Amino acid sequence: MLKTLKIVNVVGARPNFMKIAPLMKAYRQYTHIRSVLVHTGQHYDGSMSDVFFEELGIPTPDVFLGVGSGTHAQQTARVMLAFEPLLIEQKPDLVVVVGDVNSTVAATLVATKLLIPVAHVEAGLRSFDRTMPEEINRVVTDSLSDFLFTTSEDANENLRREGILEEKIHFVGNTMIDTLLALSKHDAFDTLKRKLSLSARDYAYVTMHRPSNVDDKEVLQGICDALICLQERITIVWPLHPRTRKMLEQFSLYDYVASQSKIRLTDPLGYLESLSLMRHAKFVLTDSGGIQEETTAIGVPCLTLRNNTERPITIHEGTNELVGNAPHRIIERAMALLSGTPKTGRMPKLWDGHAAERIARVLVQKFR
């Protein structure tokens with residue numbers, strides 16, 4: 001009889017949910033795995049959290065820490081303060097963290113100091129830009145983790161260059177793509193096209209939330225100017241992240257954008273609605289890392305409003321292109337997509353819907 005393997009799994013923000021969902025399902029193949037799901041509450045708005053648990057079929061979290069928002073230091077500290085007594089009480093064999101948010105690095109620090117092994121799902125991604133808080137989270141988490149599960153060969157190389165032992169590195173594929181493929185038959189576009197007056201391939205889909213794009217008035221106004229120029233040629237669908245809405249209002253830009261006849265501003269969307277709008281778009285404009293991967297998987301052109309990416313495979317093998325946030329560059333590359341042949345890509349290696357199964361198998365073998 002196999003000894004029970006107790007795993008505490010940590011999520012905190014919207015990008016984490018798509019990555020943990022297939023893993024929670026994969027655990028169920030093993031009767032000796034006892035899985036505990038902890039939601040730190042880093043994203044606590046219902047539109048940014050609850051709806052994703054419902055759509056992705058993730059079980060209700062066993063523990064909700066409710067840390068809420070704050071500065072990076074405040075949020076990280078709150079997670080650590082709440083997570084430490086939980087681990088002392090639960091006494092797990094392993095802590096699994098995903099992605100690169102503050103909850104990820106906070107949980108890793110606590111577990112490591114309590115001598116509990118840590119597995120990092122989506123390890124090895126590097127933008128090589130230390131001004132990004134997520135980059136700091138990635139580097140620290142990877143340096144402390146015992147199991148590093150990677151999505152691409154370049155991530156493996158990044159870890160090797162940083163001196164990570166080979167036996168810790170496991171190239172398994174992408175659990176976010178597991179989720180995308182598992183839900184590929186669910187398409188909400190018929191409802192959305194009526195609601196937003198859309199036609200397939202006749203609109204661009206926009207998502208934006210990074211501080212480098214939305215917290216600086218000049219930068220945000222420049223992006224808005226570019227979108228207003230583009231809406232003369234194509235409808236723009238832009239679900240507003242709470243942070244983005246707040247900054248548009250603070251900088252007195254919301255009415256300027258909302259008054260444009262072909263820009264459709266919406267509240268945050270659920271995963272299935274967002275995926276449906278991406279799938280049927282002419283192209284996507286984003287600063288999201290996950291959407292760079294999702295557009296590559298579904299074969300839709302993506303213009304990333306950043307000067308770097310921790311997911312270069314989406315450029316080398318996928319449909320992604322870095323354009324930065326300068327208005328003239330955004331307009332130039334978008335117009336090229338409207339008048340030319342879009343970039344085509346291919347599905348990267350092991351992005352086949354079975355990454356979570358590989359992760360569960362590695363963990364079971366290592367703890368046997």
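Buried residues make up 57% of the 368 residues in this protein, which is shown here as a predicted model. Its secondary structure comes to 17 helices and 13 strands. The radius of gyration is 20 Å, close to the 21 Å that the globule rule gives for 368 residues, so the protein is as compact as a globular protein of that length. Contacts tell us about the chain too: among those with a separation of 6 or more, 70% are between residues 24 or more positions apart.

Here are some overall values for the protein.

| Property | Value |
|---|---|
| Span of the C-alpha trace along the principal axes | about 65 × 40 × 40 Å |
| Accessible surface | about 15400 Å² |
| Part of the accessible surface belonging to carbon and sulfur atoms | 51% |

Now look for the open sheet. Seven strands form it, in the order E3-E2-E1-E4-E5-E6-E7, and their pairing is parallel. Strand E3 (63-64) and strand E7 (169-171) stand at the edges with a single partner strand each, so one side of each has no neighbour in the sheet. E3 is joined to strand E2 (residues 33-39) by two bridges, and valine 38 stands opposite valine 63 in E3.

Next, find helix H14 (residues 289-298). Is this helix enclosed or open? All 10 of its 10 residues are buried, so H14 is largely enclosed by the rest of the structure. Among these buried residues are Ile291, Gln292, Glu293 and Glu294. At the start of H14, a side-chain oxygen of serine 288 comes to within 3.3 Å of the backbone nitrogen of glycine 290. Just after the helix, glycine 299 takes a positive phi of about 75 degrees.

Our last stop is threonine 304, which sits in strand E12 (residues 302-304). With 0% relative accessibility, threonine 304 counts as buried, because the cut-off for that is under 20%. Which residues does threonine 304 contact, leaving aside its neighbours within four places in sequence? They are Thr286, Gln292, Asn320, Glu321, Leu322, Val323 and Gly324. The side chains of threonine 304 and asparagine 320 are joined by a polar contact of 2.6 Å. Gln292 links this stop to the previous one, being both a contact of threonine 304 and a buried residue of H14.

How values were computed
Residues are numbered from 1 along each chain as its sequence is written. This is a predicted model: local features need pLDDT of at least 70, side-chain atom pairs count only at pLDDT 80 or more; totals for chains, interfaces and linings use all residues. Side-chain values use heavy atoms; hydrogens and water are left out. Buried means under 20% relative accessible area, exposed over 50%, partly exposed in between (1.4 Å probe, protein chains only). Helices (H or I, at least four residues) and strands (E, at least two) are DSSP runs, numbered from the N terminus. A polar contact is a pair of N or O atoms within 3.5 Å; within protein, one must be able to donate a hydrogen and the other to accept it, and residues adjacent in sequence count only if both atoms are side-chain atoms. Two strands pair if DSSP finds at least two bridges between them. The radius of gyration is taken over C-alpha atoms; the globule rule is 2.2 Å times the number of residues to the power 0.38. Contact means heavy atoms within 4.5 Å. Accessible areas come from the Shrake-Rupley method with a 1.4 Å probe; for residues, only the protein chains shown count as cover.
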